[in-house]
Amino acid sequence: MLGISLTAASTTSDRGKRLALLAAIMGSFVAGLDATAVNVALPAIRGDLGGGLAGQQWVSNAYLLTLGSLILIGGSLGDVFGERRVFSIGVAGFGLVSLLCSIAPSIGFLIACRALQGAFGALLTPSALAVIISAFPLSERGAAIGSWTAWGAIATVIGPLVGGYLVGAVSWRLIFAINVPFVLLTLLLISHAVPGRTQGGAHARVDWLGAFLTFVGLAGPVLALIREPSVGWASPQVWGPALAGVILLGAFLVHERRTPEPMLPLGLFKRRNFSVGNIQTFTMYGGLSVCFFLLVLFLQEVAGYSALQSGLASMPVTLIMFGFSKRTGKLADRLGSRWFMGFGPLIAALGLALMLRLNAHVHYVTELLPALVVFAIGLTCTVAPLTATVLADADESNAGIASGINNAIARIAGLLAIAAVGAVISTQFSVALDHRLAGVPLSPSARAAVRQARGQTLAHVDASRTGPVVAHAVQSASVYAFHVGVGVAATLVALGGLLGLAGIRNPRRVVRSEDCAAGQFAGQPLDPALELPASPSNPDRRPRLVSKIGPLVLFSVGVRGGFAGMDPLPAVHPVGELPGRMGPQSPHLQGQCRGHRLRWRQRGAVA
């Protein structure tokens with residue numbers, strides 16, 4: 001929980017509050033901008049540093065691996081060391097590693113730096129929220145967090161556009177280097193505007209072992225899946241890490257069952273909607289991550305789009321989500337979420353299936369745009385009811401950690417799905433290419449180009465160097481591999497719809513879908529179990545949050561290998577004024593910020 005003095009906020013000057021908010025915004029803005037810009041730059045990174053498809057997967061997945069492993073304990077560290085210190089470490093570390101990314105001499109060095117970026121990102125966002133709550137009194141906190149949310153959403157929207165422009169105009173390295181001056185300014189603001197905190201005597205335990213087991217357990221299968229196209233399933237380089245990862249993940253589950261303060265409370269999964277909803281989250285977000293990871297690569301590597309054009313390509317999905325998420329959420333509140341969670345993914349899967357019409361010469365208006373529109377309609381019907389249903393099946397005391405788990409599962413789904421589908425399409429590309437080149441004599445230059453294309457998978461070769469037959473074979477095999485990947489993505493999303501129809505029951509506790517308009521793309525949603533006190537400006541006691549800006553973050557194409565740009569965004573709930581509901585198990589103070597504990601006294605709460 002947020003281990004901060006609730007009285008400190010009232011003594012912070014107006015100037016200090018504004019500067020503290022600016023520091024929190026800038027720290028999160030840099031992380032969101034960087035994370036969503038990287039995918040657009042993947043083809044340029046491969047062209048400069050090499051690594052093929054496996055290297056591109058690792059640049060994306062290394063960030064997700066550490067972020068997903070550490071995000072549930074990131075907030076706990078603020079209680080142990082103080083939110084100012086943890087925020088400073090997160091921002092400074094992110095900036096330093098960004099600088100190292102910008103000068104990376106090899107793909108391996110860049111991947112290692114991306115993993116460190118994810119670790120510092122797991123510190124940055126939870127502590128940014130703690131800084132805001134420590135600086136602002138209750139009456140001003142909703143607007144402050146709303147501003148933080150809005151600027152984070154704006155960062156994820158413009159990230160692909162900025163990234164595409166920088167790649168085309170200068171270099172992919174500037175995507176990382178541009179973070180440094182913003183980081184320095186943020187650290188200056190922290191030093192002047194964010195007060196330190198005297199640590200209390202009792203602190204929440206940090207589940208370090210759970211985080212370690214999660215990291216190494218997930219790393220094993222990811223490493224195995226990415227290595228498989230190169231060495232085959234029979235190689236110890238594949239089955240060894242895969243087996244070790246499965247064993248370690250099993251050890252993680254045993255540890256979480258026995259430890260007194262687990263990062264993943266397993267008891268929540270005994271509830272039907274929570275379990276089914278999280279399985280559906282895994283299949284859906286896995287499919288969506290695969291689709292947009294491959295789409296960016298396909299548009300640039302095969303269809304000839306520029307980085308900026310590929311960044312702009314999926315903006316219609318963002319606009320549709322922005323315009324209609326709350327409306328569909330209200331409709332789901334009226335009619336029940338089960339049908340939306342069932343038929344919404346099926347419609348989205350139909351949109352993905354329409355992408356199977358794409359070939360090497362993509363006509364955007366007649367081919368890609370209709371597929372994206374259908375996909376966006378299905379997604380708009382799904383994300384808010386899905387998140388609301390998962391939250392509704394948790395008790396009020398567990399709503400925050402339930403949302404944090406759901407968000408972590410969405411990240412892990414993308415991590416594993418990208419690794420698995422990469423192995424599948426690499427194999428399919430090689431099979432298709434061998435079939436098309438059977439009996440075709442290859443010159444030395446053509447043979448070298450084919451060898452390079454096998455490592456790249458989605459590739460385009462120069463016909464003047466290889467001859468038209470070889471160039472057409474590589475192009476056709478790339479289109480086929482893309483179709484296989486999109487087909488897998490559509491199947492995963494459709495499976496999520498079938499799970500929703502078969503397994504979901506309409507929620508037993510009211511959590512409004514319209515308050516979860518962005519699902520787990522934008523972050524941790526609102527929970528009406530906790531509301532703001534009534535006031536003239538807020539007579540219905542509704543949580544005040546920028547409710548329509550969230551969906552903007554959804555599909556700026558730079559997402560993901562990660563939908564990784566934003567960490568869960570907090571519900572705007574009161575702290576300290578509802579003692580009957582608030583306390584160490586407050587939903588608001590769990591999730592991302594789990595571990596920050598409030599110790600309650602008769603006269604209020606103190607650090």
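At what angle do helix H11 and helix H19 pack, and how many Å apart are their axes? In this predicted model, helix H11 (residues 272–301) and helix H19 (residues 468–503) pack at an angle of about 160 degrees, and their axes lie 8 Å apart. Because angles over 145 degrees count as roughly antiparallel, H11 is roughly antiparallel to H19.

**Contact of H11 with H19**

- The crossing in which H11 passes H19 is left-handed.
- Among the residues of the contact of H11 with H19, 18 are nonpolar, 10 are polar and 1 is charged.
- In general, a pair of packed helices is described by the angle between the two axes and by the distance between those axes.

**The protein as a whole**

- The secondary structure of the protein consists of 20 helices and 2 strands.
- The protein has 607 residues, of which 62% are buried.
- Of the contacts in the protein with a separation of 6 or more, 83% are between residues 24 or more positions apart.
- The protein exposes about 21,400 Å², and 65% of this area is supplied by carbon and sulfur atoms.

**Ala384**

- Ala384 belongs to helix H15, which covers residues 364–392.
- Ala384 has a relative accessibility of 0% and therefore counts as buried, the cut-off for burial being under 20%.
- The C-alpha atoms of Ala384 and Ala332 are 8.6 Å apart in space, while the two residues are 52 residues apart in sequence.

Conventions. Residues are numbered from 1 along each chain as its sequence is written. This is a predicted model: local features need pLDDT of at least 70, side-chain atom pairs count only at pLDDT 80 or more; totals for chains, interfaces and linings use all residues. Side-chain values use heavy atoms; hydrogens and water are left out. Axes are lines fitted to C-alpha atoms, for helices over the stretch in contact, and angles run from 0 to 180 degrees between N-to-C directions. Helices (H or I, at least four residues) and strands (E, at least two) are DSSP runs, numbered from the N terminus. Angles under 35 degrees count as roughly parallel, over 145 as roughly antiparallel, 65 to 115 as roughly perpendicular and the rest as oblique. A crossing is left-handed if the near helix is turned anticlockwise from the far one by less than a right angle, and right-handed if clockwise. Ala, Val, Leu, Ile, Met, Phe, Trp, Tyr, Cys and Pro count as nonpolar, Asp, Glu, Lys and Arg as charged, and the others, Gly among them, as polar. Buried means under 20% relative accessible area, exposed over 50%, partly exposed in between (1.4 Å probe, protein chains only). Contact means heavy atoms within 4.5 Å. Accessible areas come from the Shrake-Rupley method with a 1.4 Å probe; for residues, only the protein chains shown count as cover.
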